[in-house]
Amino acid sequence: MASVYCNEEIKISKEYFGHPRELFILSFVEMWERFSFYGLRSLLIIYMSSFVFFEFPERVYGFYFLSFFYSSRSAVGYSSFVYGIYSGLIYLTPIFGGFIADRLIDRRKVVIAGGVFIALGHLLITDHAWFLWALFLIIIGTGGLKGNIAAQVGDLYDINDKRRERGFSLYYFSINIGAAISPVICMIFVQKWGWTIAFDATTVGMVIGLVTYFFYKPSVSNEKNKVSLNFVQDKKNVRIAYSVIVSVFFSSVLLWISYEQQANALVHWVSTVPGDISVGWLQAIPPAVVIFGIPILNWVWGRQAGRYKEPDVFMKLFVGAVIISTSQVFISFFAFLYGGISPNKLTIAFYLIIWEVGDLFFTPAAMGLFSRFAPKKSGGLVMALWYATFFVGNIISGLIGTLWGVFSPELYWSIVAIVVSAGAVWVFFLKRFFRGKVLRCLQSAV
């Protein structure tokens, strides 16, 4: 029988729409942080390849250090490499931020410090000489903020509370509001007022989120009932829990390789001329799908839960992985159909919609699974491990992205499709061998 940590002084939190009010506050904070992040993401690959590394890359402080690890004659090559490193480290540093918050410094202070670093990085990014250092500040800041906010969301629910995955779905919904509107806003700002104003808009988004969190006062303890893996008496349950986390980690990495292609190779494929920012609106499609899809899925799952028919976490993971891999096979098929020429934007939009529908099933379920098994006093670190799946996936994605222009589009997208399909196969075996064991493990924690 697993030991359960219970805090006897849990304060009662007000609820809205069946969830603690803290969920909506934390979601609002993360929405603006993601506005900042995705606004920058939508601009970054075009900005680097058309300006930062286009004419005089040696004027960028740190360029020669960068060249030690990767050398290219093209701005596209350098841009893809830097994008992969940046987007990967964004999801690695939360491990250190989670450790610091769990073991050394108050979590609230770590989150606030992270927000300050992110804002400073966005302010500095339009100075080409300091471009790499600006990315460094954003990376460090995200490390302090991202995993620790997600951990606070997980702390709002008991270990067997079936609202957990739906809570993370609402959290994910808020994230994608910021992610949906920022690419469009930044694209318009670039076209009308230039790059500096667009980057300033991303800074404002981070400041709004930071100020909101600064005045955030939780009324519910962050130490609600939680399985403490450090005190579990049944060692078999511990092995099962960690085996599942490792398996979900690996399968997620393979799926995210395709996700970061949407802001990398896919942008190059659909752009007509260097510096073309007009395709930025395409990156608003996936978060828009989340905005409309999450309420529908939560409504359906809520009704199913009332009849004890809601799909369990493993079924949601599997369905999501299958849909994501299907969308990637779809885009590979069209690469062959069009002979490597980019299909029209409606086809690309359809691909992005299908991909994100799969993500609606997969990501909230995976986050909920990670948070269920987070040991007491290690919630930030374990949730940071979830974000580390993006680190590994993005690094690999960036390296694959350097092959754009070397391989034909048909071969390039086929490689991506094969890798992503392998991730779906891995989730199938995860569901096949661990589903029953994990459900029994969770029941033993009550």
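Buried here means under 20% relative accessible area, exposed means over 50%, and partly exposed lies in between (1.4 Å probe, protein chains only). This is a predicted model, in which local features need pLDDT of at least 70 and side-chain atom pairs count only at pLDDT 80 or more, while totals for chains, interfaces and linings use all residues. Residues are numbered from 1 along each chain as its sequence is written, and side-chain values use heavy atoms, with hydrogens and water left out.

**Stop 1: helix 1**

Select residues 21–52, which form helix 1; helices (H or I, at least four residues) are DSSP runs numbered from the N terminus. Show the side chains of Glu30, Glu33 and Arg34, which are linked in a network of salt bridges. A salt bridge is a side-chain nitrogen of Lys or Arg within 4 Å of a carboxyl oxygen of Asp or Glu, and the count by this rule is 2.

Arg34 pairs with Glu33 at 2.6 Å between the closest N and O atoms, and with Glu30 at 3.8 Å, N to O. Glu30 and Arg34 are 4 residues apart, about one turn of the helix. Colour by accessibility next: Glu33 counts as buried because its relative accessibility is 3%. Glu30, at 0%, is buried, and Arg34, at 1%, is buried too.

**Stop 2: the nonpolar core**

Now select Phe53, Phe131, Tyr171, Trp386 and Trp413, the residues with the most contacts inside the largest nonpolar core, which has 120 residues. Such a core is a set of buried Ala, Val, Leu, Ile, Met, Phe, Trp, Tyr and Cys residues joined through side-chain atoms within 4.5 Å.

Centre on Phe53 and display its contacts (heavy atoms within 4.5 Å). Leaving aside residues up to four places away in sequence, Phe53 touches Met48, Phe63, Leu66, Ala75, Tyr78, Ser79, Val82 and Leu132.

**Stop 3: the nonpolar patch**

Switch to a surface view and select Tyr61, Val116, Phe117, Leu120, Leu123, Trp130, Trp133, Phe136 and Ile140, which make a nonpolar surface patch of about 860 Å². Patch residues have over 30% relative accessible area and no salt bridge; nonpolar side chains (Val, Leu, Ile, Met, Phe, Trp, Tyr) are joined within 5 Å. Areas come from the Shrake-Rupley method with a 1.4 Å probe.

Helix 5 (107–124) and helix 6 (131–154) each supply at least two of the patch residues, and the largest share, 4 residues, comes from helix 5. End on Val116 in helix 5, partly exposed with a relative accessible area of 40%.

Methods
Patches are made of residues with over 30% relative accessible area and no salt bridge: like charges are joined within 9 Å, nonpolar side chains (Val, Leu, Ile, Met, Phe, Trp, Tyr) within 5 Å.
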